[in-house]
Amino acid sequence: MKRILVGFVAFYSLLMPVIAQQSILFSQYMNNMNLYNPAAVGYNDMINVGGSFRSQYAGFEGAPIVYNVGADIGFSIAKTKHGAALNFYDNTVGLFRFQDINVDYAYRIPIQDGFLSAGVSINFTTVSYDTDRLHKVESDYHSSDDPAIAQSSGNDFKMDLGVGIQYRNKTWYAGIALLNILAPQYQLSTNSTNSMFDKTRNLFFLGGYNISFTNPLYKLKMSACVNTDFASWSGIVNANLEYNERYWGGIGYRIDGAVVFMAGIRVLNGLNIAYSFDLATSNLIKSAGSHEVSISYSFNIDISKKNKYKSIRYL
């Protein structure tokens, strides 16, 4: 299975062309996996709350600013395992703003030493268009009242669906998800012939493998995330070295042209803080890099025991 996983990632890393996509892929996707696969919800049987902020291509006017906040929980009903999550996602790029609320559910089946999960996501999205940020030019070749350009701000609201599966144990995980299944079309303005926005379907693959050493204080965590909207591809491969389940740091490579440096710390039981910096390698992208911060807290409430907190080991 390890050879299959590595081979899959290497194959797509070599072959995929890259063009800008609607979905923003966090460099620390391993801390936000339920954004890309609803089957990842509740995998640790704990309550997890947190959020992430990403400033992409800092220094460029209109560059993407993204954040998400959410919570998920793993729970049992009789002898069955379940997960549920609620996430809010906000992405502003150029004249557009995307605001999403995701409600996720996953059902987990024990298989050998791990769990096979199947999940479903209900997504509510508002797409907005702000003409106040539109740069208008008057010349012999340009007209500010061009009917092909929306002259008034607008927004539209639609519902969407996503599904996914994932297998996970203490050593490795792999999953695949199809999001934006309904691919809704948004009407952003009534006075333009080109004011429709089409949301595209996205296929995500996420996988990871933990490598243990003779010294049990160290662990190498390899992971990859690949995304396609069936017209273009993007992805990232990461390697992080963890020490004593408290400190970690590593490096990654984004296929759209950036080297990623990241580090994190668990400052208290269950509280995790991480930062990553993307250094663009493409000649087409000259910026102050991309910056990302994530904070999360995981805890377990058990009124039958004196100890209300149970430690968590992340893949």
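Tutor: Let's start with a term: two residues are in contact when they have heavy atoms within 4.5 Å. This model is predicted, so local features need pLDDT of at least 70, side-chain atom pairs count only at pLDDT 80 or more, and totals for chains, interfaces and linings use all residues. Residues are numbered from 1 along each chain as its sequence is written, and side-chain values use heavy atoms, leaving out hydrogens and water.

Student: Which residues is Tyr36 in contact with, leaving aside its neighbours within four places in sequence?

Tutor: Tyr36 is in contact with Ile24, Leu25, Phe26, Tyr29, Ala177, Leu179, Phe204 and Leu206. Tyr36 also belongs to the largest nonpolar core, which has 22 residues; Tyr29, Tyr36, Leu206 and Cys225 touch the most other members.

Student: What makes a set of residues a nonpolar core?

Tutor: The members are buried Ala, Val, Leu, Ile, Met, Phe, Trp, Tyr and Cys residues, joined through side-chain atoms within 4.5 Å. A second, separate core has seven residues, including Phe98, Val127, Tyr129 and Tyr186.

Student: Why is Ser290 called buried?

Tutor: Buried means under 20% relative accessible area, exposed over 50%, and partly exposed in between (1.4 Å probe, protein chains only). Ser290 has 2% relative accessibility, so Ser290 counts as buried. Among the residues that Ser290 touches are Arg54, Tyr57 and Asp278.

Student: How do you know that Glu292 and Arg54 meet in a salt bridge?

Tutor: The term requires a side-chain nitrogen of Lys or Arg within 4 Å of a carboxyl oxygen of Asp or Glu. For Glu292 and Arg54, the N to O distance is 2.8 Å, and the pair meets in a salt bridge. Glu292 lies in strand β16 and Arg54 in strand β1 (residues 47–55), 238 residues apart. Strands are DSSP runs of E with at least two residues, while helices are runs of H or I with at least four, numbered from the N terminus.

Student: Why do Glu292 and Arg54 count as buried?

Tutor: Glu292 has 0% relative accessibility, so Glu292 counts as buried. Arg54, at 1%, counts as buried too. Both residues are part of a network of salt bridges that links Arg54, Arg254, Asp256, Asp278 and Glu292.
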